[in-house]
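Please give a short briefing on the protein shown here.

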Amino acid sequence: MKTAICYYSRHHGNTLKILEAMAQEGGVDLVDVTTRQTVRLEEYDCIGFASGVYFGKSHQSVLAFARQYLPRRKPVFFACTYGGARGDSMNALSEIAKEKDCPVLGEFGCRGYDTFGPFKLVGGIAKGHPDRRDLDNARCFYRDIRESCERGAQQ
């Protein structure tokens, strides 16, 4: 099974850390949505979208990428890292998936070190995250996603 995870990860690289943990499970291509590369998502069995949470939302570049490149009826999943709260940060991605008739297999989120805005004044929040436990949870989440996608392909 081939999976593409399309992501935006800056500042402290929190989101990329959890995606690299998922990629250790094999069969994963990480696609940075800010680079200009040819992407053929229709060639993948499953597609993930991942971002840090910015003011309660996924990064605009991930949303724009999903709108433009997500093929119809592909199974998808979402992942995020956040300093304060996850909130409803995955709602916009869920709406895009719904518009394209893509089944959503699941969502993963964990805390991530955050020094944005006022948090910088206090030395940041969620220090040390994602930690080893978060990364183990990310790997476990992706194993479940992969199994779910493989079962769907067999039907």
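Predicted model: local features only at pLDDT ≥ 70, side-chain atom pairs only at ≥ 80, totals over all residues.

Residues are numbered from 1 along each chain as its sequence is written, and side-chain values use heavy atoms, with hydrogens and water left out.

**Overall fold**

- The protein chain has four helices and six strands. Helices (H or I, at least four residues) and strands (E, at least two) are DSSP runs, numbered from the N terminus.
- Along the sequence, the pattern reads β-α-β-β-β-α-β-α-β-α.
- Of the 155 residues in the protein chain, 46% are buried. Buried means under 20% relative accessible area, exposed means over 50%, and partly exposed lies in between (1.4 Å probe, protein chains only).
- Take the contacts in the protein chain with a separation of 6 or more: 77% of them join residues 24 or more positions apart. A contact means heavy atoms within 4.5 Å.
- The accessible surface of the protein chain is about 8,200 Å², and 47% of this belongs to carbon and sulfur atoms. Such areas come from the Shrake-Rupley method with a 1.4 Å probe; for residues, only the protein chains shown count as cover.

**Helix 2 and helix 3**

- The axes of helix 2 (residues 60-69) and helix 3 (residues 91-99) come within 10 Å and cross at roughly 5 degrees. Axes are lines fitted to C-alpha atoms, for helices over the stretch in contact, and angles run from 0 to 180 degrees between N-to-C directions.
- Helix 2 is therefore roughly parallel to helix 3. Angles under 35 degrees count as roughly parallel, over 145 as roughly antiparallel, 65 to 115 as roughly perpendicular and the rest as oblique.
- Helix 2 brings Val62, Leu63, Ala66 and Arg67 to the contact, and helix 3 brings Ala92, Leu93 and Ile96.
- These residues divide into six nonpolar, no polar and one charged. Ala, Val, Leu, Ile, Met, Phe, Trp, Tyr, Cys and Pro count as nonpolar, Asp, Glu, Lys and Arg as charged, and the others, Gly among them, as polar.

**Thr15**

- Thr15 lies in helix 1 (residues 14-23).
- Thr15 counts as buried because its relative accessibility is 2%.
- Beyond its neighbours within four places in sequence, Thr15 touches Tyr8, Ser9, Ala50, Ser51, Gly52 and Thr81.

**Cysteines**

- The structure holds zero disulfides. A disulfide is a pair of cysteine sulfur atoms within 2.5 Å.
- For Cys46, the closest cysteine sulfur is in Cys149, 4.0 Å away and so too far for a bond.
- Cys46 has 0% relative accessibility, so it counts as buried.
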